[in-house]
Amino acid sequence: MGEVMTAQGRSLPAEDTADLREIGFRSLDFSELALRVEDELGDELNFDAPGLRRIATVGDVLDFIEQLQSA
Amino acid sequence: MTGRRRTTALIGDDNTVVVAGKRLTWRTLHKLPQLPSPAAVLVDNGADALAALRHHAVHGTELLVATESRVDERMREELGESGFAIVLPDGAVTLPRLKRVEESGRAWLLTSGSTGRPKRIGHTLESLTTVTADQPPRTWLLPYSPGTYAWWQVVTLSLTQADQGLVVIEPHELDEWPKIAAEHGVTAASGTPTFWRQAIYRDADALAGVPLEQITLGGEPVDQAILDQLREIFPAARISWIYASSEVGASIVVHDGKAGFPRSWLDRDPHPERPVLSVEGDELVIRSPHHGAGLIGPIHTGDRIEYDGDRVLITGRLDTDEINVGGSKVSAGVVRNVLMGHPGVSWARVFARKAPLVGRMVAAEVVPNRSLGPITDADLVQWCSTRLPDYGVPRRIKFLDQIPQKETLKSDV
């Protein structure tokens, strides 16, 4: 997540409770992060669309990515 | 089957033809054994393809010529069922399943098959000979795969015009074609943008050693970056790009060194010798005097266009060029042009990747220009960010070691 933010010239806040809208982490950034994870795993991920709606904070993103990796 | 007709004047019969290092002429090329008609002649070298073409031109037989690798078993069966004898590189002949009367003077081409299985398009030597005005003496490079439209364009020019020599490049010679071309004094060459990029990437100095006066690009979308690179290497050459296909023939020819064609060329008044170009939605539509048999009227090309000021850019295939990123649409061709405009990029392919939230994201593969030092994906993202909307910036970029090139000289960008 930090790499995605850095590539956009921004930095990742330390707090997991940071609001994604406030830090400017947008849909494109989230999508890029998902593709990075895919590339890392070398496998196509199956994204659960209803679950995505609950992602509002940095912690939500990290939890979601962790779930994807363990799925 | 032989000695009956002569379909067009073989003015170039004494033009030089260089094959496998030997200097011959069309007239002194080896003769193939008596060819049946209709025949599908499958070749494994350029010399046999030229010999088959000359046989067709002299005797007016019905001919399809293609490389052996392009015609799989299923297609061979289909050809047999359509009345074609199959002639293999070793001369073995499989007789047709259907016996029918030949179509005198008919030449068949296979489409590239980029939208499915290759289709057969009927032409004649006359409909394939689109260059009819007198040409300055030239020696042409022939790197194209036998039987493709671009191959027919070059060979008919050589066979029907005076002083238009040919230097045939076989697939195994592609890596070193500039050396061969320089050795035989090639002054004109036609190739895809990928072909030219390969040549610059491999050895720009060797390329600069070829005394080129005419450079032609076609077969793929032609971007400004490759035109500019060629102009830098060959400041005095005429650089042209051509839009041509088996279906519509050579329909757009641009000599001004710019990508795309002038918007004023759209919807011009009909003229017997000039194709009518138009746009429906985003699709290029052409009504061409050089069309294949039975393709009279407007042909929907399946190629996508974008307007750029007073130019019309052909950006790619309709079904793959437009990438929808969360409802915002971007042309893969336009993104590719931006990437290839970066001095550190020798080649790029842009495509859609499935992604959460936005549906699709723009991704790219890139071959860096080794002579300019390393570049990173961050460099390219930065470059694109200042030239494209955020949804058009490729966020995932993979670096490749070499430029991919298929038998057709294309890389399917």
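## A covered strand: β7 of chain B

Strand β7 (residues 106-110) of chain B is mostly covered, with five of its five residues buried. Here a strand is a DSSP run of E with at least two residues, while a helix is a run of H or I with at least four, both numbered from the N terminus. A residue is buried if 20 or more other C-beta atoms, placed from the backbone, lie within 10 Å of its own; it is exposed at 12 or fewer and partly exposed in between. The model is predicted, so local features need pLDDT of at least 70 and side-chain atom pairs count only at pLDDT 80 or more, whereas totals for chains, interfaces and linings use all residues. Residues are numbered from 1 along each chain as its sequence is written, and chains are lettered from A and ligands numbered from 1 in the order in which they are written.

In a regular strand the side chains alternate between the two faces of the sheet. In β7(B), Arg106(B), Trp108(B) and Leu110(B) point one way, and Ala107(B) and Leu109(B) the other way.

## Its partner strands

Strands pair if DSSP finds at least two bridges between them. Strand β4 (residues 63-67) of chain B pairs with β7(B) in the parallel sense over two bridges, and Leu63(B) stands opposite Ala107(B). Strand β8 (residues 120-124) of chain B runs antiparallel to β7(B), joined by five bridges; there Leu109(B) faces Ile121(B).

## A three-stranded sheet

Elsewhere in chain B, an open sheet has the order β22-β23-β24, with mixed pairing. β22 (345-355) and β24 (396-399) of chain B stand at the edges with a single partner strand each, so one side of each lacks a neighbour in the sheet. Four bridges join strand β23 (residues 359-368) of chain B to β24(B), and these two run parallel. Val366(B) has Phe399(B) as its bridge partner in β24(B).

## The core and the whole chain

The largest nonpolar core has 119 residues. Such a core is a set of buried Ala, Val, Leu, Ile, Met, Phe, Trp, Tyr and Cys residues joined through C-beta atoms within 7 Å. Val41(B), Leu142(B) and Leu339(B) have the most contacts inside this core, counting two residues as in contact if their C-beta atoms, placed from the backbone, lie within 7 Å.

Stepping back, chain B holds ten helices and 24 strands. Of its 413 residues, 46% count as buried. Along its principal axes, the C-alpha trace of chain B spans about 65 × 45 × 45 Å.
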